[in-house]
Each structure stands twice: as structure tokens, then as C-alpha cells.
Amino acid sequence: MTDSEVGKRGNVYENVVWQFNKASDLMKLDLDIRKILGKTTNEIIVNFPVKMDDGRIEMFTGYRVQHNNALGPFKGGLRFHPAVDIHEVRALATWMTWKSALTYIPFGGAKGGIQCDPFKYSQSELERISRRFTFALGNNIGPEYDIPAPDVNTNPQIMAWILDTYISTMPAHERQACIHVVTGKPIESGGSLGRDKATGQGVVYTVEEWARDKGFNLAGATYTVQGFGNVGSWTALLLKQHGSKLLAVEDASGAIANAEGIDPEDLIAYAKKNNGLISEYPKARPIDRKTLFQTKADIFVPAALENQITADTAPLLNVKLVAEGANGPTDPDGDQVLQQKGIDLIPDILCNAGGVIVSYFEWLQNKRSEFWELEEVDTKLHRKIVSAYERVRDTAKEYKTDWRTAAYIVALSHLDTVYRERGIFP
Ligand code: NAD
């Protein structure tokens with residue numbers, strides 16, 4: 001394996017199908033329900049033109065895949081990345097369905113994105129790209145129908161542009177009633193306190209539960225993080241508050257390490273001044289990707305992209321726990337190696353569910369014209385994610401299976417019940 005092959009990514013939708021089949025077989029999921037959940041509901045692909053700063057027109061391809069809405073409106077983030085394609089969006093949309101079902105959030109699953117490198121564009125170009133994408137999607141999104149949120153390379157500012165574009169196309173008297181068309185908005189534009197840190201906060205709440213179960217002390221524990229954007233940086237910061245020590249970090253620009261520890265707060269401040277990138281941080285030494293995976297630590301938090309923990313990289317890991325901040329960071333081969341090595345796993349649909357949980361709180365606040373204090377958001381998030389954690393832990397014991405499969409079984413049982421109660425129209 002060469003360094004450039006570490007973390008090479010395949011078709012992630014195949015991973016979803018593999019995970020789904022494994023859980024469905026074990027729980028003996030009804031064949032008809034398998035047929036329904038094995039397909040996406042809608043797959044929307046839009047090609048749209050955007051005027052660049054120099055007057056040229058560039059064509060973009062955007063996606064929105066709506067997997068399932070049996071439990072509530074379609075819900076899921078928007079990603080701006082060169083690797084966005086129909087397979088990736090389909091996988092991410094499907095994971096959203098499982099995540100909402102697992103955490104008992106009344107949402108379905110969706111995901112979307114634009115195949116582009118957002119770092120190539122100016123702010124005004126990004127604004128026009130976001131607005132034209134929203135316009136192209138039209139009524140395929142909506143506050144009671146399909147609600148986007150931030151994901152990789154999208155942020156509260158982009159949500160504000162999407163909100164503004166969406167409501168500008170509504171009749172005047174309906175506009176204010178539509179601000180819950182997106183979540184993850186800036187606070188002033190209808191966002192929720194605690195949404196920014198919600199995914200990292202959820203990761204840390206689940207890690208706290210794991211530590212309690214294992215009698216493991218997070219004070220003085222060591223950890224490594226892959227991805228230092230919203231999820232990775234918040235997770236690092238919140239683990240620091242437990243007295244844990246960050247040993248190595250990787251982002252799109254490269255990886256760094258310091259055996260004495262890296263201060264997440266200082267690294268965040270550095271990244272803010274350097275286009276969000278960390279590889280030249282002066283208080284750590286550069287390392288290659290392989291070394292990041294090999295770094296001995298208690299906890300590894302993948303918080304970047306899919307298919308990072310694979311048959312190639314999983315054998316390198318020297319940790320007690322993998323806490324999946326990212327969606328789909330481990331492929332089925334990687335899972336198998338983690339199990340053989342006795343490394344615990346908090347699977348993505350549980351570990352990173354804090355984002356969708358607080359998105360749900362934001363949506364509720366908008367619908368009720370309320371504004372909750374941070375303490376209320378955190379308390380409710382804690383209650384929701386800890387009860388999902390307990391369901392997964394208990395199901396893993398009951399079925400004598402791994403935690404990812406257990407998480408799927410909880411989610412699929414919930415959906416199975418709903419389909420049985422309602423039946424299929426007509
Ligand atoms: P982000 O854009 O804020 O950060 C992504 C980070 O990953 C950046 O630091 C980037 O440099 C790094 N990265 C990109 N390519 C990389 C590579 N090849 N190797 C190493 N690092 C790389 O995105 P985010 O919102 O933090 O999302 C990260 C992951 O968490 C994604 O899998 C996303 O789907 C998942 N997630 C996000 C949320 C949320 O609320 N934002 C919620 C649930 C799950």
C-alpha cells in the first residue's frame with residue numbers, strides 16, 4: 001500500500017446495501033419492507049448555469065436524493081465537493097433515514113449536493129451557485145417536505161442564501177412561515193443555539209456513555225481526529241474539556257502530530273486564519289496519512305469523508321474506540337478488521353446524530369416561533385442521544401452482534417412497525 005492509497009474511496013452505496021442486508025438477515029426483516037427500504041423514493045438531478053465573476057457561464061450538476069419519508073419530512077444535508085455523485089448522495093440519504101429512525105426523530109432521510117470544488121470560487125460565486133441550485137430544486141424542497149442542512153463544505157451562510165432564495169419565490173404572505181425550509185442557519189436568521197457544535201457535542205455525549213460503560217476515564221485519555229471542520233474541531237474542543245489530549249489531526253491539506261498534545265482551541269484559531277487548513281500549524285510536526293492511522297491513542301474520531309477505515313487502514317489502527325463523527329467512514333472490510341482487533345465502535349448513525357437532533361430542535365423552534373436557551377438544547381440533545389445509545393447497546397447484547405448492525409436493527413424495527421401499522425396505499 002502506498003501513502004496515496006491510504007483512505008482510497010469506493011462506491012459507498014454498496015456499503016449501505018451490505019450493512020442493510022446484514023442487519024435485515026439477522027433480524028429477519030419482512031421481505032416486503034426490505035423491498036421498500038432497499039430503494040430511494042426520489043432522485044433529483046439538476047444541471048444549472050451560474051455566471052462567474054469574470055462574466056463566463058459555468059454549468060453545475062446538483063443532486064437531491066430523497067430516500068424515505070415514512071416517519072416525517074425528508075431531511076439531510078447538502079455537500080459541495082468534487083466527489084459528490086449519485087452513489088454518494090444515495091448512500092448519505094439512506095443513512096439519514098436510519099439515523100432519524102434510530103433517534104426517534106420525526107424525519108425521513110435525504111441528502112444533496114453539488115459536484116464542485118468550492119475552494120475554487122469567490123464568495124459571490126458561491127452565493128450565486130447556492131441560489132441557482134435552490135432555484136433549480138424548486139418545490140423539491142420545502143419546510144414540511146424536504147429540509148436541507150449543512151454538510152461538508154457548506155455552512156450557516158450558505159443556508160441563509162438558500163433560505164432567502166426559497167422564500168423569495170414564495171407568495172409574500174407565506175414567506176415568514178417558511179423559514180424552517182433549512183436548518184443550520186445563522187442564529188440571527190432563525191438558527192438554534194447549539195446547532196453549530198451539535199454534531200461534535202453528540203459525538204462526545206456518546207463517547208462519555210461508552211467511557212462510563214467501560215469504566216474508562218476520559219481525563220488524560222488520548223485521541224486522534226481525521227477532518228478538522230465543523231464536526232472534527234467541535235469534537236476535539238469538547239474532548240479537551242474532559243482533559244483528554246489530542247495527539248494527531250488530519251485534514252484535506254495534510255496531517256500533523258505532537259506527542260505532547262495539540263491544543264484544539266489554538267488549532268481552530270490557526271485554521272481560521274489559514275483558509276480552514278491545518279497542515280502548516282507550527283506547534284506540531286507534519287506526518288503522513290499512514291502515521292496518523294498508526295498513532296497509538298485511546299480514541300480515533302474520523303470526521304471527514306467516507307471509506308477511510310478499510311482493509312488497508314484498519315490494521316494500522318492502535319486505539320480502543322472508533323467514534324464515527326463522519327458518515328460512512330468505515331467500509332465493511334474495515335468493520336471486520338476492527339471487530340477482529342477488538343476495537344469498539346460507535347457507529348455513524350448514532351455517533352453523529354447530534355446534528356440532525358438539534359436540526360429538529362431548530363425546525364421546532366421556527367414552527368413555534370420560539371427561541372430556546374443553550375442549556376435547554378443541550379439537555380434535550382443529551383437525553384435523545386443517550387437513549388439512542390442505550391437502545392443500540394442493549395440491542396447489540398440481545399442479538400450478540402456488532403454495534404453498527406445493532407443500530408440498523410433498532411432503526412429498521414422502528415420503520416418496520418410504522419409500515420405494518422399504516423399498510424401500503426391503496
Ligand atoms: P466540514 O466541511 O466542516 O469539514 C470537513 C473536514 O474534512 C475538513 O477539515 C476537510 O479539510 C477534511 N477533509 C476533506 N477531505 C479530506 C481527506 N481526504 N482527508 C482528510 N481530511 C479531509 O464538514 P463537516 O460538516 O465537519 O462534516 C464532516 C463529516 O461529518 C462528513 O462525513 C459529514 O457528512 C458528517 N456529518 C456532518 C454533520 C454536520 O452537522 N455538519 C452532521 C452529521 C455528520
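This is a predicted model: local features need pLDDT of at least 70, side-chain atom pairs count only at pLDDT 80 or more; totals for chains, interfaces and linings use all residues.
A polar contact here is a pair of N or O atoms within 3.5 Å.

**Around the ligand**

| Residue | Protein atom | Ligand atom | Distance |
|---|---|---|---|
| Asparagine 153 | backbone N or O | oxygen | 2.8 Å |
| Arginine 195 | polar side-chain atom | oxygen | 3.2 Å |

On its own, the ligand has 820 Å² of accessible area, and the protein covers 87% of that. If you're looking for secondary structure in the shell, α7 (230-240) and β7 (245-251) are the elements that give two or more residues to it.

There are 24 residues around the ligand, and the ones that come nearest are Asp151, Asn153, Thr199, Asn230 and Asn327. Sorted by class, the shell splits into nine nonpolar, nine polar and six charged residues.

The domain assignment gives you domain 1 (42-188) and domain 2 (198-351). So where does the ligand sit relative to domain 1 and domain 2? Both of them give residues to the shell, so the ligand lies between them.

Taking C-alpha centres, the two domains are 27 Å apart. They do touch: 12 residues of domain 1 are in contact with nine residues of domain 2. On the domain 1 side, Trp95, Lys99 and Leu102 supply 50% of the area buried against domain 2, more than any other three residues.

Most residues other than glycine have a negative phi, and most peptide bonds are trans. Two spots in the model go the other way. Tyrosine 104 isn't a glycine, yet its phi is positive, about 55 degrees. You'll find tyrosine 104 in the loop between α3 (86-102) and β4 (109-115).

The other spot is the peptide bond from phenylalanine 425 to proline 426, which is cis, with omega near 10 degrees. Proline 426 belongs to the segment after α14 (403-422).

Notes: Residues are numbered from 1 along each chain as its sequence is written. Side-chain values use heavy atoms; hydrogens and water are left out. A residue is near a molecule or strand if one of its heavy atoms lies within 4 Å of it. A polar contact is a pair of N or O atoms within 3.5 Å; within protein, one must be able to donate a hydrogen and the other to accept it, and residues adjacent in sequence count only if both atoms are side-chain atoms. Accessible areas come from the Shrake-Rupley method with a 1.4 Å probe; for residues, only the protein chains shown count as cover. Helices (H or I, at least four residues) and strands (E, at least two) are DSSP runs, numbered from the N terminus. Ala, Val, Leu, Ile, Met, Phe, Trp, Tyr, Cys and Pro count as nonpolar, Asp, Glu, Lys and Arg as charged, and the others, Gly among them, as polar. Domain bounds come from an automatic or database domain assignment. Contact means heavy atoms within 4.5 Å. Buried area is the accessible area (1.4 Å probe) that two parts lose on being put together, summed over both.
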